[in-house]
Amino acid sequence: MENSRVTARAVAQSHQITAVRRFVLASLGFLALVLWASLSLAQDDTQGDTGEKVIKSHGISTFGELKYPADFQHWDYVNPDAPQGGTISLLGTGASGTFDSLNPFILKGEPAQGLGLMYDSLLVGSSDEPDSAYGYVAETLEYPEDRSWVIFNMRPEARFSDGEPITAEDVVFSFNILMEKGHPVYKIIYKDIETVEVLSPHRVKFTFRADTNTRDLPSVAGGMTILAKHYYADRDFAQSTIEVPVTSGGYTAKDIKPGKSISYCKNPDYWAKDLPHNRGTGNFDCYRYEYFSDRTVAFEAFKAGAFLFHEEFFSKIWATGYDFPALDKGWVIRESIPDNRPNGTQGLWINMRKEKFSDPRVRQAIGMVFNFEWSNKTLFYGLYERTDSFWENSTMQAEGPLEGAELALLEPYRDQLPESIFTEPPFTPAISRIDQADRKALRAAGKLLDDAGWKVVNGKRTNDKGQVLSLEILDDSPSFERIINPYVENLKRLGIDARYSMIDQAQYQQRQEDFDYDIIPGRLVMSLSPGEELATTFGTAGAESLGSSNFSGLSHPVVDALIVKVAQAESREDMETAVRALDRVLRSLHIWVPNWFKPAHNIAYWDVFGRPETKPFYARGVMDTWWMDQQKLENLKAQGALR
């Protein structure tokens with residue numbers, strides 16, 4: 001997929017640490033939302049046992065006040081009177097075009113899409129604020145001004161899908177089992193949680209490590225998925241399975257057909273269905289994901305009405321394929337809706353764990369011969385823009401010369417960074433001629449390789465040890481073939497022994513998790529309010545943790561220090577300054593070959609839906625705020641458009 005090419009596992013990891021709404025929006029995700037913390041609008045100040053001021057509130061926000069008061073009735077972007085019922089069907093995606101597990105919390109297996117619909121957390125976020133969280137399973141939370149701990153006061157009425165109460169014991173169990181047997185990324189996300197203890201059946205306390213940044217930690221704790229302790233009493237949590245688990249959310253899996261489809265349908269007895277958080281949201285009775293091993297077959301199935309909603313990721317199909325009869329008759333609607341989130345992490349990630357890629361000049365040369373301009377005109381119908389920032393399409397993107405607060409932040413690290421950071425604007429890929437082989441780019445890249453000690457010997461780039469510079473771009477889907485093959489030809493023109501290898505999905509997933517590759521394509525969703533979770537993608541901790549999203553293996557002391565600066569920022573202005581400084585450093589290190597972006601969602605859907613007038617600013621909104629319009633559905637059935 002051109003602008004979303006990454007495995008379901010990586011998308012799941014990304015959603016764990018960046019989502020701004022609860023799981024119903026993170027349809028590929030598997031951890032309830034990690035949200036962010038600060039003073040709230042409606043709060044009570046009391047005194048703790050040790051005399052410190054304790055804040056008790058219905059929610060928490062990183063920077064500034066909460067938008068919604070304690071007595072809010074619904075989110076502003078929903079239709080509170082939205083009709084309920086019906087099934088929305090979508091294309092299921094994943095690393096393999098199928099799934100074999102309903103356990104997304106471990107390294108094993110290929111998890112089904114949409115599993116987040118089945119789980120709740122102590123806090124949830126709104127989709128029109130970048131960094132707020134509100135009590136959900138927890139009605140209120142308490143924390144001191146230094147945020148060294150947080151207590152969640154849980155709703156006694158909260159129940160699991162089997163009717164058993166959700167208690168503080170389950171929260172403690174969830175933390176312990178995720179740390180002991182969960183995906184390795186949990187050890188990074190929860191590393192600063194020192195203890196989790198039961199204070200009473202519906203009161204649980206998280207205490208954080210001393211001498212650590214605590215800005216986000218109350219909400220990191222509040223975003224943890226709640227698992228049922230009694231369910232796992234006689235089951236091995238570490239095993240993948242397609243058994244439907246007891247879960248904490250409002251939907252449960254049904255009609256599970258690996259390789260074909262999976263549905264999630266409402267629990268009619270869901271304890272939280274009348275909470276204001278859910279008014280006008282989750283309007284469908286069921287969400288069904290249809291799986292196809294071939295994207296062409298999937299698109300033909302959509303045109304025939306086999307599923308009702310589709311987001312298109314292929315520019316060629318978007319430009320030339322939407323001319324079928326159902327569209328001409330008005331039965332299918334095609335449109336682009338804005339995406340206001342950072343969306344610039346699509347690229348080819350270079351595995352710096354390999355010695356041959358240790359020199360940044362080598363990595364820069366590898367990136368220079370990817371001809372975006374030719375690709376965009378020839379392959380993408382001019383629909384994309386070139387990515388240069390890791391926070392593209394946001395105010396966190398570094399621009400212009402280094403000065404002011406950014407300069408002050410980076411000055412102490414001058415001797416550990418390339419001088420170009422201080423003398424030039426942030427690295428931006430050069431504009432290539434619209435020829436597949438841009439000779440100017442090839443000459444410049446060749447000089448970089450010469451300077452790095454890789455000379456042309458008998459037509460091959462060879463170092464002083466006689467080793468030939470080789471690289472393999474690894475993939476498991478033919479969707480990138482038309483893009484990568486011309487790029488490989490340019491690499492060969494440089495004298496690099498380059499190849500593009502297609503392997504089966506299971507092998508690809510394993511090799512990605514083991515970091516057994518030279519270069520892989522991937523896109524990660526970046527947070528609206530980044531924090532220490534960046535360590536999983538760019539930090540030393542992620543580089544050393546199998547299965548993490550640090551695809552490049554980046555381990556750099558300045559990057560690690562800047563991640564801490566981002567997490568410790570006390571205002572949004574300071575946080576954005578630190579992110580821009582980090583972006584500037586990352587771009588100078590050439591850890592990837594930046595690809596392309598489009599700040600919009602290209603969607604097509606059968607005209608059977610209703611939706612609010614206002615789209616949630618930070619979300620697509622389809623899963624959470626649309627509804628089934630029964631009259632429209634009946635009209636299309638009457639015309640023979642749908643069965």
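How exposed is Glu300 in terms of relative accessibility? At 41%, Glu300 counts as partly exposed. Buried means under 20% relative accessible area, exposed over 50%, and partly exposed in between (1.4 Å probe, protein chains only).

The views below come from a predicted model, in which local features need pLDDT of at least 70, side-chain atom pairs count only at pLDDT 80 or more, and totals for chains, interfaces and linings use all residues. Residues are numbered from 1 along each chain as its sequence is written, and side-chain values use heavy atoms, with hydrogens and water left out.

View 1. A salt bridge here is a side-chain nitrogen of Lys or Arg within 4 Å of a carboxyl oxygen of Asp or Glu. Helices (H or I, at least four residues) and strands (E, at least two) are DSSP runs, numbered from the N terminus. Side chains of opposite charge can pair when their charged atoms come close.

**View 2. Asp518 and Lys356 meet across two loops**. Their side chains form a salt bridge, 3.3 Å from N to O. Asp518 lies in the loop between helix H14 (505-513) and strand S22 (519-522). Lys356 lies in the loop between strand S16 (347-350) and helix H8 (360-368). The pair therefore ties together parts that are 162 residues apart in sequence. Asp518 is buried, with a relative accessible area of 7%. Lys356 is partly exposed, at 22% relative accessibility.

**View 3. Asp234 forms a salt bridge with Arg235**. The closest N and O atoms are 3.1 Å apart. Asp234 is exposed, with a relative accessible area of 63%. Arg235 is partly exposed, at 35%.

**View 4. Arg439, Lys440, Arg443 and Arg493 form a positive surface patch**. Helix H12 (residues 439-451) gives the most to the patch, with three residues. Lys440 is found in helix H12. With a relative accessible area of 64%, Lys440 is exposed. Patches are made of residues with over 30% relative accessible area and no salt bridge; like charges are joined within 9 Å, and nonpolar side chains (Val, Leu, Ile, Met, Phe, Trp, Tyr) within 5 Å. Lys and Arg count as positive and Asp and Glu as negative, while His and the chain ends are not counted. The place of a charge is taken as NZ of Lys, CZ of Arg, CG of Asp or CD of Glu. Accessible areas come from the Shrake-Rupley method with a 1.4 Å probe; for residues, only the protein chains shown count as cover.

**View 5. Three strands form an open antiparallel sheet**. The strand order is S3-S6-S5. Strands S3 (59-61) and S5 (123-124) are the edge strands, and each pairs on one side only. Two strands pair if DSSP finds at least two bridges between them. Three bridges join S3 to strand S6 (residues 132-135). Ser61 has Ser132 as its bridge partner in S6.

**View 6. Strands S9 and S10 form a hairpin**. Two residues lie between the strands. S9 (residues 193-200) and S10 (residues 203-208) pair in the antiparallel sense over six bridges. Glu197 has Lys205 as its bridge partner in S10.

**View 7. Asp255 and Phe515 have positive phi values**. Most residues other than glycine have a negative phi. Phi of Asp255 is near 50 degrees. Asp255 is in strand S11 (residues 251-257) and is exposed, with a relative accessible area of 54%. Phi of Phe515 is near 60 degrees. Phe515 is found in the loop between H14 and S22 and counts as buried, at 8% relative accessibility.

**View 8. Asp269 sits in a loop between two strands**. The strands are S12 (261-266) and S13 (286-290). Asp269 is exposed, at 65% relative accessibility. The C-alpha atoms of Asp269 and Thr577 are separated by 47 Å. Along the chain, Asp269 and Thr577 are 308 residues apart.
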